[in-house]
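Welcome! Please take a moment to look over the sequence and the 3D view below before reading on.

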Amino acid sequence: MTQNAEDTASHAGGRRGARESALQMLYQWEVGRLTMPEVRRLFWEMGDEGAPDVSDRSRSFATTLADGTVEHIGQIDPLIEESAENWRLARMPVMDRLILRLAVYEFLHQAETPQPVIIDEALELAKRFSTPEAVKFINGVLEGVRKRLAPDARTRV
């Protein structure tokens, strides 16, 4: 493997680990009813056995994703509900709902990441943290959100 390919693989793996960390923080926020500062303190300072080992750069990305998702939830949730035909957000399994929220946050506020990559990463999270049926469901909802968003709907953080 060339040095450039190794850097790319390491960067992709770091971002995947960051997304896993962000998802786990969102789970603590949603299920534990903790504030994001409490979640960050518990997750990063006290550690979490299930947390992937991430670099400082990935830790920063994970924190940006988790905090941004919570901060923009009022913008994110309606987009999900519009694309999830016959499904209310409250009826969705927690992990599926959080994976969708995380991906839609990226659609809207992480313009440097291509939308197909965001969808692929969300599907990888679903494979790891949810069910095979969830993978299909999440893919369909995210494709619906992607189609609803005009290219100028994405903003930079």
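## The overall picture

This is a predicted model. The protein has seven helices and zero strands, and from the N terminus on its elements run α-α-α-α-α-α-α.

Of its 157 residues, 45% count as buried. If you take the contacts between residues at least 6 apart in sequence, 73% of them join residues at least 24 apart.

## H2 beside H3

Let us begin with helix H2 (residues 36-45) and helix H3 (residues 56-71), whose axes come within 11 Å and cross at roughly 155 degrees. Angles over 145 degrees count as roughly antiparallel, so H2 and H3 are roughly antiparallel to each other. Their crossing is right-handed.

On the H2 side, the contact is made by Met36, Arg40 and Trp44, while H3 brings Arg59, Ala62, Thr63, Ala66, Asp67 and Val70. Sorted by class, the contact of H2 with H3 has five nonpolar residues, one polar and three charged.

## H4 across H5

Next comes helix H4 (residues 73-83), which packs against H5 at an angle of about 110 degrees, with the two axes 9 Å apart. That angle makes H4 roughly perpendicular to H5.

H4 takes part through Ile73, Gln75, Ile76, Asp77, Leu79 and Ile80, and H5 through Leu100, Arg101, Val104, Tyr105, Leu108 and His109. The residues of the contact of H4 with H5 comprise eight nonpolar, two polar and two charged.

## H5 alongside H7

Helix H5 (residues 94-109) also packs with helix H7 (residues 132-148), here at an angle of about 30 degrees and with axes 10 Å apart. Since angles under 35 degrees count as roughly parallel, H5 and H7 are therefore roughly parallel to each other. The crossing of H5 and H7 is right-handed.

From H5, the residues in contact are Asp96, Ile99, Leu100, Ala103, Val104 and Phe107; from H7, they are Ala134, Phe137, Ile138, Val141, Leu142, Val145 and Arg146. By class, the contact of H5 with H7 holds eleven nonpolar residues, no polar ones and two charged. Leu100 and Val104 of H5 take part here, and Leu100 and Val104 also belong to the contact of H5 with H4.

## A look at H6

Our last stop is helix H6 (residues 115-129), with 15 residues. From its first C-alpha to its last, H6 reaches 21 Å, close to the 21 Å expected at 1.5 Å a residue.

Which residues of H6 are buried? They are Gln115, Ile118, Ile119, Glu121, Ala122, Leu123, Leu125 and Ala126.

How values were computed
Residues are numbered from 1 along each chain as its sequence is written. This is a predicted model: local features need pLDDT of at least 70, side-chain atom pairs count only at pLDDT 80 or more; totals for chains, interfaces and linings use all residues. Side-chain values use heavy atoms; hydrogens and water are left out. Axes are lines fitted to C-alpha atoms, for helices over the stretch in contact, and angles run from 0 to 180 degrees between N-to-C directions. Helices (H or I, at least four residues) and strands (E, at least two) are DSSP runs, numbered from the N terminus. Angles under 35 degrees count as roughly parallel, over 145 as roughly antiparallel, 65 to 115 as roughly perpendicular and the rest as oblique. A crossing is left-handed if the near helix is turned anticlockwise from the far one by less than a right angle, and right-handed if clockwise. Contact means heavy atoms within 4.5 Å. Ala, Val, Leu, Ile, Met, Phe, Trp, Tyr, Cys and Pro count as nonpolar, Asp, Glu, Lys and Arg as charged, and the others, Gly among them, as polar. The expected span of a helix is 1.5 Å times one less than its number of residues. Buried means under 20% relative accessible area, exposed over 50%, partly exposed in between (1.4 Å probe, protein chains only).
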